Amino acid sequence: MHLQFGWLAIQDRGEGDAQRPVPDEEMGETREAQETQLEERYNEAMQAQEEGRSELAKHTYQQILQGRLLQNATAADALLLNVRYLSTKNTAELLQAEGKATEALHAFARATEMDHGDVMVWLHLGSLCEAQD
């Protein structure tokens, strides 16, 4: 069930408008709300991946990666950068499992640009490169 709330904003309004709910579009989402939604989407993708629903997981990871919050992430946004990295890595693993070696190789390479220290990503990269010879 989805509940929608109307929030009142304290603004300089006429007396008759003082109790008018302000639509969400006017107020905009807070960064915290956006991060919570991002976390929920990431958890949905991981759940789908664990349950073997690869297409749904891939689609959800791609939506996460294309979201404006991750697109605008900076070095100071550790949580966002970690979600970007993990979504890229998990997408690569799904592609590899589907036998899409070239796409998986590119995705793992993008993951190494984000985190050079994950040994498992390097192992996957090496395995994919060896298989292509």
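Lys58 sits in helix 3; helices here are DSSP runs of H or I with at least four residues, numbered from the N terminus. This is a predicted model, in which local features need pLDDT of at least 70 and side-chain atom pairs count only at pLDDT 80 or more, while totals for chains, interfaces and linings use all residues. Residues are numbered from 1 along each chain as its sequence is written, and side-chain values use heavy atoms, with hydrogens and water left out.

Start with Lys58. Lys58 is buried, at a relative accessible area of 11%. Buried means under 20% and exposed over 50%, with partly exposed in between, using a 1.4 Å probe and protein chains only. Beyond its neighbours within four places in sequence, Lys58 is in contact (heavy atoms within 4.5 Å) with Thr91, Leu94, Leu95, Glu98 and Lys100.

Now the rest of the helix. Along with Lys58, the buried residues of helix 3 are Ala57, Thr60, Tyr61, Ile64 and Leu65. They cover an arc of only 165° around the axis, so they lie on the same side of helix 3; the arc is taken from the directions from the helix axis to the C-beta atoms. On the other side, Glu55 and Gln66 are exposed.

What do the buried residues of helix 3 pack against? Helix 2 (31-50), helix 4 (68-71) and helix 5 (78-97).

Take helix 5. Its axis and that of helix 3 come within 9 Å and cross at roughly 150°, which makes the two helices roughly antiparallel. Axes are lines fitted to C-alpha atoms, for helices over the stretch in contact, with angles from 0 to 180 degrees between N-to-C directions. Angles under 35 degrees count as roughly parallel, over 145 as roughly antiparallel, 65 to 115 as roughly perpendicular, and the rest as oblique.
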